Amino acid sequence: MGGIDQAFVQEPEQRPKPSTIEVDGIPVIDMSVSGTGGIEKLASEIGNACRKWGFFQVINHGVPLELRQRVEKVAKAFFDLPIEEKGKAKRDDLNFTGYHDEEHTKNVRDWKEVFDMLIEDPTFLPASPDPDDEEIRTYSNKWPENPPEFRETCQEYCREVEKLAFKLLELISLSLGLPANRLSDFFKHQTGMLRLNYYPPCPSPELALGVGRHRDGGALTVLAQDDVGGLQIRRQSDGEWIPIKPIPNAYIINIADALQVWSNDLYVSAEHRVVVNSEQERFSIPLFFFPSHYVKVKPLEELVNEQNPAKYKEYSWGKYYINRTGSNYKKLEAENLQIDHFKTPESE
């Protein structure tokens, strides 16, 4: 199949088509505001973007450009290393942090390499998805020896982007008509992670995807992408795949599944994917913002009433996460767990 392993080949209906779509794209929101009126306007803009797209870009966000450039530099330096050197920090069955090049989305292998690290080290998670298994496992980061500044740079970057994630969480709470700190307690022992993505040039970009179509499972994703482009989101109105144009030093924010549930479907966790190309390598750095493992995710009581009943049953974030994490790294017979599994009968 066009010189790539069959494991990477998408089903015909999932393969990327040459796009001629010219669109305005997702909203770009300037976060440099002050005063109550400015914050209310900012929260309103974010709310509109969460309803219509589930995605938006932010500028003037407070994360230092110099730090972002440093983390991009160490990411490139790491992925440029020989495969044997990268393999020294490879993930294993007991620890999902570190280097990996066999991730699957919807049971098809992604055309990419990744390095995953936990924001909180250590992070506590259930030992298994079994509801009756109460064992909690401790996870710690696995770090490469090279480049020598890798660990310190990534940890510093995590702290800065985490601040932005908390700021966005407050604005999203306000946009739902709730107090700014309404969601903060869910993240006291957050289980999120930072990922470095490397997408090498692909000899058959019309057959493979860097990441297959999916929705993110957590609360928020804060993504830095380079100027190559490749991220596409599925537009709510017509199902078309829309490219997200890179804006220098902007962050792409997307609502993930837990926030869709908390909002009781007011906000949407949009499907997205990554297309690859035959000429240029591409890098991106998402921070996945996840709740504490013990959080029970369900529609917020303030957003539920007789006219608008809860559309989801409660589920354990930790169990859900462990279930999905296990299925992302190998090919399974069935699709991994999705929030649709928790829909209430009345809402289907």
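Visitor: In which helix does Ile39 lie?
Guide: This is a predicted model, in which local features need pLDDT of at least 70 and side-chain atom pairs count only at pLDDT 80 or more, while totals for chains, interfaces and linings use all residues. Residues are numbered from 1 along each chain as its sequence is written, and side-chain values use heavy atoms, with hydrogens and water left out. Helices (H or I, at least four residues) and strands (E, at least two) are DSSP runs, numbered from the N terminus. On that basis, the element that holds Ile39, spanning residues 35-52, is helix 1.

Visitor: What is the average pLDDT of the chain?
Guide: The pLDDT is the predictor's confidence in each residue, from 0 to 100. With 94% of the residues scoring at least 70, the chain averages a pLDDT of 92.

Visitor: How many residues of strand 16 are buried?
Guide: Buried means under 20% relative accessible area, exposed over 50%, and partly exposed in between (1.4 Å probe, protein chains only). One side of strand 16 holds Arg282, Ser284, Pro286 and Phe288, the other Phe283, Ile285, Leu287 and Phe289, and both faces are covered. Strand 16, residues 282-289, is thus mostly covered, and the count of buried residues is 8 of 8.

Visitor: Which residue of strand 16 is the bridge partner of Met193?
Guide: Two strands pair if DSSP finds at least two bridges between them. Strand 9 (residues 193-199) runs antiparallel to strand 16 and is joined to it by 5 bridges. In strand 16, the partner of Met193 is Phe288.
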